[in-house]
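Dear colleague,

A written account of the findings follows it.

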Amino acid sequence: VDYLLYWFSHNLGYKVTYLVASLIPLSILAILLKAYIIPPKVENLLIFILSIIGSLLLYFLIYYLIALVSFWLIDISAFFFTANIVLELLSGTLIPLNFLPEYLQKTLEFLPFSYLIYFPLNIYLGRISNNDVYMGLATQIIWIVFFGIIARLTWKKGLRKYEAIGS
C-alpha cells in the first residue's frame, strides 16, 4: 500500500464527509437568507472546481511534508501550529491578499500559498481574466508536481532514517 496515497484517500474521505455535512445547513441558510451561492459567472464553475481540487492537493502535500519531518524530530506539533498560521495568512484566509502591498502580492503569485484560497475564490467571483486563470491553474499544477516529488524523495530518505522502538 502506497503510504502517500493511503493518507490522501483518508484525508479525501474526511474532506468529502465534512463537505456533505456542512452543505446541508449552509444550503438551508442560503435559502432562508435568499443568498446566492451560484457564482456571478456560471461558466467559471468548472474552472473553480478544478482549482479547488488543486487547492486540496496542495494543502494535503504541504501538511504531508510537515508530517514527514517526524522521521527526524520527535514532536512536530509546533510545525503544524506554525504552518496553520503561515498558510492562513499567506493564502488570503485571514486578510485578502488585495490588502497587501503590491510587491508582496506579486511575490505571493509565485509561491504556492495564494493558490490555496485566494486564487480559487477569485475564480469563483470572476475577478480573474481567462489568461490569468489558465496561468494560475498551470502554476497550481507545477506546485502540486513539485511538492509531490519532494514528498516522495523525503519519504524515501526518511525510511532510511526510521528506527522502530519496542514491539
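**Serine 55 and its surroundings**

Once its neighbours within four places in sequence are left aside, serine 55 is in contact (heavy atoms within 4.5 Å) with Tyr115, Leu116, Pro120 and Gln140. This is a predicted model, in which local features need pLDDT of at least 70 and side-chain atom pairs count only at pLDDT 80 or more, while totals for chains, interfaces and linings use all residues. Residues are numbered from 1 along each chain as its sequence is written, and side-chain values use heavy atoms, with hydrogens and water left out.

Serine 55 belongs to helix H2; helices here are DSSP runs of H or I with at least four residues, strands are runs of E with at least two, and both are numbered from the N terminus. With a relative accessible area of 5%, serine 55 is buried. The term buried means under 20% relative accessible area, with exposed over 50% and partly exposed in between, for a 1.4 Å probe and protein chains only. The side chain of serine 55 reaches the backbone oxygen of leucine 116 at 2.5 Å.

**Serine 51**

Helix H2 also holds serine 51. Serine 51 counts as buried because its relative accessibility is 0%. Its side chain reaches the backbone oxygen of phenylalanine 48 at 2.7 Å. Apart from neighbours within four places in sequence, serine 51 is in contact with Phe119, Pro120, Ile123, Leu137 and Gln140.

**Overall architecture**

The protein has six helices and zero strands. Its C-alpha trace spans about 60 × 40 × 25 Å along the principal axes. Of the 167 residues in the protein, 30% are buried. Among contacts with a separation of 6 or more, 69% come from residues 24 or more positions apart.

The axes of H2 and helix H5 (residues 118-125) come within 9 Å and cross at roughly 170°. H2 and H5 are therefore roughly antiparallel to each other. Axes are lines fitted to C-alpha atoms, for helices over the stretch in contact, and angles run from 0 to 180 degrees between N-to-C directions. Angles under 35 degrees count as roughly parallel, over 145 as roughly antiparallel, 65 to 115 as roughly perpendicular and the rest as oblique. Ile47, Phe48, Ser51, Ile52 and Ser55 of H2 meet Phe119, Pro120, Ile123 and Tyr124 of H5. These residues divide into seven nonpolar, two polar and no charged. Ala, Val, Leu, Ile, Met, Phe, Trp, Tyr, Cys and Pro count as nonpolar, Asp, Glu, Lys and Arg as charged, and the others, Gly among them, as polar.

Within H5, the buried residues are Phe119, Pro120, Asn122, Ile123 and Tyr124, and their cover includes H2 and H6. Just after H5, glycine 126 takes a positive phi of about 75°.

H2 and helix H6 (residues 130-161) pack at an angle of about 25°, with their axes 9 Å apart. H2 is therefore roughly parallel to H6. Residues of H2 in this contact include Ser51, Gly54 and Ser55, and those of H6 include Leu137, Gln140 and Trp143. By class, the contact has 18 nonpolar, six polar and no charged residues.

**Helix H2 with H1**

Helix H1 (residues 3-32) and helix H2 (residues 45-68) pack at an angle of about 125°, with their axes 11 Å apart. H1 is therefore oblique to H2. The H1 residues Tyr3, Leu4, Trp7, Phe8, Asn11, Leu12 and Lys15 meet Leu56, Leu57, Phe60, Leu61 and Tyr64 in H2. This contact has ten nonpolar, one polar and one charged residues.

Phenylalanine 8, which lies in H1, is buried with a relative accessible area of 18%. Not counting residues up to four places away in sequence, phenylalanine 8 touches Leu56, Leu57 and Phe60. The C-alpha atoms of phenylalanine 8 and threonine 93, 85 residues apart along the chain, are separated by 23 Å.

With kind regards

Note on methods. A polar contact is a pair of N or O atoms within 3.5 Å; within protein, one must be able to donate a hydrogen and the other to accept it, and residues adjacent in sequence count only if both atoms are side-chain atoms.
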